Amino acid sequence: MKINSAEFLISNTDISKCPTPSFPEYAFIGRSNVGKSSLINMICERSKLAKTSGTPGKTQLINHFLINKNIYFVDLPGYGFAKSSKQQRNKWSKFTHEFLKTRSNLLYTFVLLDSRLTPQKPDLEFMEWLGLNHIPFVMVFTKLDKLSSSEKNKNISNYKKEMLKGWEDLPQVILSSSTTKLGKDEIWDLIEQTNMDFSYQYH
Ligand code: GTP
Ligand code: MG
């Protein structure tokens with residue numbers, strides 16, 4: 001995919017103030033610090049489009065971006081950020097869940113998972129919630145550049161095994177690295193294919 005333009009539109013916690021749902025939309029979600037904002041920047045070929053940080057909890061709002069004037073990307077705040085207050089976590093959870101359930105143009109949610117970690121409860125619970133609510137998602141493992149190839153194989157197959165305890169079929173799995181650009185083409189292929197599948201709604 002050629003990226004001709006990528007612009008930040010608006011940040012908020014008020015779903016009614018999100019941009020009019022007139023284009024196909026893709027959300028990026030996962031635990032704090034997993035690399036959501038970095039992945040958006042990598043696939044959009046813009047280093048400063050979404051704000052990244054070494055300190056978890058950087059993204060705290062629903063951030064909309066407009067790509068090539070016809071696709072929305074949404075950078076969502078990270079869940080499982082231990083340092084935030086319970087009140088903040090509840091607030092995050094409320095508007096994010098509401099957003100994912102009600103946004104009519106949301107075609108796919110990319111759930112980012114740190115490839116260095118064993119399956120984590122908040123991630124497994126979150127994906128279960130998506131499944132129960134029929135929200136289409138793919139699993140994107142991040143930071144693959146930090147693993148050797150044997151660690152990579154071990155961690156990914158462990159994860160799949162854990163998922164298969166609760167799921168009959170696994171969602172699509174994409175391996176990524178914002179450093180090496182691994183996963184970029186696969187993510188765009190999925191987006192382009194999905195846009196085609198839904199083109200009757202957006203043209
Ligand atoms: P929050 O907004 O706080 O929820 O975090 P986030 O998920 O948006 O993570 P962010 O993109 O800000 O990245 C967190 C840290 O991980 C930063 O220091 C990034 O440079 C680093 N990082 C992100 N992706 C990768 C990757 O693929 N490889 C490596 N080596 N580091 C990465
Ligand atoms: Mg972020």
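Colleague: Is Ser176 buried or exposed, and how do I read that?

Modeller: Burial is read from relative accessible area, and a residue under 20% counts as buried. In this predicted model, Ser176 has a relative accessible area of 1%, so Ser176 is buried.

Colleague: Where is Ser176 found?

Modeller: Ser176 sits in the loop between β7 (173-175) and α5.

Colleague: Which residues does Ser176 touch, not counting residues up to four places away in sequence?

Modeller: With those set aside, Ser176 touches Leu39, Val140, Phe141, Thr142, Lys143, Leu144, Leu182 and Gly183.

Colleague: Which residues make the contact between α1 and α5?

Modeller: On α1 they are Leu39, Met42 and Ile43, and on α5 they are Lys184, Ile187 and Trp188. By type, the residues of the contact of α1 with α5 comprise 5 nonpolar, no polar and 1 charged.

Colleague: At what angle do the axes of α3 and α4 cross?

Modeller: The axes of helix α3 (residues 121-132) and helix α4 (residues 149-163) cross at roughly 50 degrees and come within 12 Å. That angle makes α3 oblique to α4. The crossing in which α3 passes α4 is right-handed.

Colleague: Which residues of α3 and α4 meet?

Modeller: Asp123, Leu124 and Met127 in α3 meet Tyr159, Glu162 and Met163 in α4. The contact of α3 with α4 divides into 4 nonpolar residues, no polar and 2 charged.

Colleague: What lies 2.6 Å from a polar atom of the side chain of Thr194?

Modeller: The backbone oxygen of Leu190 lies at that distance.

Colleague: How do I compare a separation in sequence with one in space?

Modeller: Set the two values side by side for a pair of residues. Thr194 and Pro77 are 117 residues apart in sequence and 24 Å apart in space, C-alpha to C-alpha. For Asp14 and Thr194, 180 residues apart along the chain, the C-alpha atoms are separated by 27 Å.

Colleague: What does the side chain of Asp14 make a polar contact with?

Modeller: The partner is the side chain of Ser16, at 2.7 Å. Asp14 is found in the loop between β1 (6-12) and β2 (25-30). With a relative accessible area of 30%, Asp14 is partly exposed.

Colleague: Which side chain is joined to that of Asn195 by a polar contact?

Modeller: The side chain of Tyr26 is, with a polar contact of 2.7 Å. Asn195 is found in helix α5, and a relative accessible area of 17% makes Asn195 buried. Not counting residues up to four places away in sequence, Asn195 touches Pro24, Tyr26, Ile71 and Leu107.

Colleague: How far is Asn195 from Gln88?

Modeller: Their C-alpha atoms are separated by 34 Å, and the two residues are 107 residues apart along the chain.

Colleague: What should I look for in a strand?

Modeller: The reading of burial and contacts carries over. Thr109 lies in strand β5 (residues 106-114) and is buried, with a relative accessible area of 0%. Leaving aside neighbours within four places in sequence, Thr109 is in contact with Ala27, Ile29, Leu100, Ile135, Pro136, Phe137 and Val138.

Colleague: What is the phi of His134?

Modeller: His134 has a positive phi of about 55 degrees although His134 is not a glycine. His134 lies in the loop between α3 and β6 (137-142). At 71% relative accessibility, His134 counts as exposed.

Technical notes:
Residues are numbered from 1 along each chain as its sequence is written. Chains are lettered from A and ligands numbered from 1 in the order in which they are written. This is a predicted model: local features need pLDDT of at least 70, side-chain atom pairs count only at pLDDT 80 or more; totals for chains, interfaces and linings use all residues. Side-chain values use heavy atoms; hydrogens and water are left out. A polar contact is a pair of N or O atoms within 3.5 Å; within protein, one must be able to donate a hydrogen and the other to accept it, and residues adjacent in sequence count only if both atoms are side-chain atoms. Contact means heavy atoms within 4.5 Å. Helices (H or I, at least four residues) and strands (E, at least two) are DSSP runs, numbered from the N terminus. Ala, Val, Leu, Ile, Met, Phe, Trp, Tyr, Cys and Pro count as nonpolar, Asp, Glu, Lys and Arg as charged, and the others, Gly among them, as polar. Buried means under 20% relative accessible area, exposed over 50%, partly exposed in between (1.4 Å probe, protein chains only). Axes are lines fitted to C-alpha atoms, for helices over the stretch in contact, and angles run from 0 to 180 degrees between N-to-C directions. Angles under 35 degrees count as roughly parallel, over 145 as roughly antiparallel, 65 to 115 as roughly perpendicular and the rest as oblique. A crossing is left-handed if the near helix is turned anticlockwise from the far one by less than a right angle, and right-handed if clockwise.
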